[in-house]
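Please read it alongside the model.

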Amino acid sequence: AQRAADTVGENHVIEPGSLDEGRGQKAKARDNIKAIETLTLIESENRPATAAEQADLAKYVGWGGIKNIFPDESGNYGDGFQELGPKLRDLLLDVEYATARRSIQYAHYTAEDVVRSMWDAVVKMGFSGGQVFEPGMGIGNFAGMMPQDVATNTHYQGVELDHITARIAKLLYPKYGVRQDDFTKTKLPENSYDLAIATPPRPAV
């Protein structure tokens, strides 16, 4: 019998509205922590994520704007985050925690309606599949919302700088090429992609 560790797993499909984008900051923080716990469990067992686990992982939104989960200069957490803050600290390595804390200023994910509208525009321009690249892919919402008829004919590759985020993306989209790397330093083959898609705006790209 084939071992679970040898099984690739399936790519996640984001159903309309499933990301619950109207959640408050505390709900997002709780879902982020659950996603990190799920990530750690799956990696420790060296196996693909189940569909239910992928649904939990897909709700990870990073720490953009959720500054209250990190202590202030006096060591105090924001109101309502006194339990979640220490829990996050215990989950992450020092370097991961430092990265997460810095990300409160820039880790903002693209809204679902924007992602789907961009795919609609790409399809209207005549794209029906091919080699796709996404710089700064986050956990892969563009990959997860790609129209299924396009996804069937597409080889998708993405780069993500943040380690936790890239590891989640790999579990969500195991059949795609996900790399943890700095896009500004990544060497890519010339004239090898049919489409590049990413969060707007993307300066210096």
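1. Axes are lines fitted to C-alpha atoms, for helices over the stretch in contact, and angles run from 0 to 180 degrees between N-to-C directions. Helices are DSSP runs (H or I, at least four residues), numbered from the N terminus. The model is predicted: local features need pLDDT of at least 70 and side-chain atom pairs pLDDT 80 or more, while totals for chains, interfaces and linings use all residues. Residues are numbered from 1 along each chain as its sequence is written, and side-chain values use heavy atoms, without hydrogens or water.

2. Helix 1 (residues 25–45) packs against helix 3 (residues 84–91) at about 25 degrees, the axes being 11 Å apart. Helix 1 is therefore roughly parallel to helix 3 (angles under 35 degrees).

3. The contact (heavy atoms within 4.5 Å) involves K26, A29, R30, I33, I36 and E37 of helix 1 with L84, K87, L88 and L91 of helix 3.

4. The second largest pocket holds about 290 Å³, a volume being the space filled by probe spheres set on grid points joined across faces, edges and corners. A pocket is an open set of points on a 1 Å grid over the protein atoms alone, where a 1.4 Å probe fits, with protein on both sides within 12 Å along at least five of seven lines; lining residues have an atom within 4 Å of a point. Its lining comprises 21 residues, with E21, R23, K28, V61 and Y109 nearest the centre.

5. G64 lies in the loop between helix 2 (51–57) and helix 3. Not counting residues up to four places away in sequence, G64 touches S103, I104, A107 and H108.

Notes
Helix = DSSP H or I, 4+ residues; strand = E, 2+ residues; numbered from the N terminus. Parallel < 35°, antiparallel > 145°, perpendicular 65-115°, else oblique.
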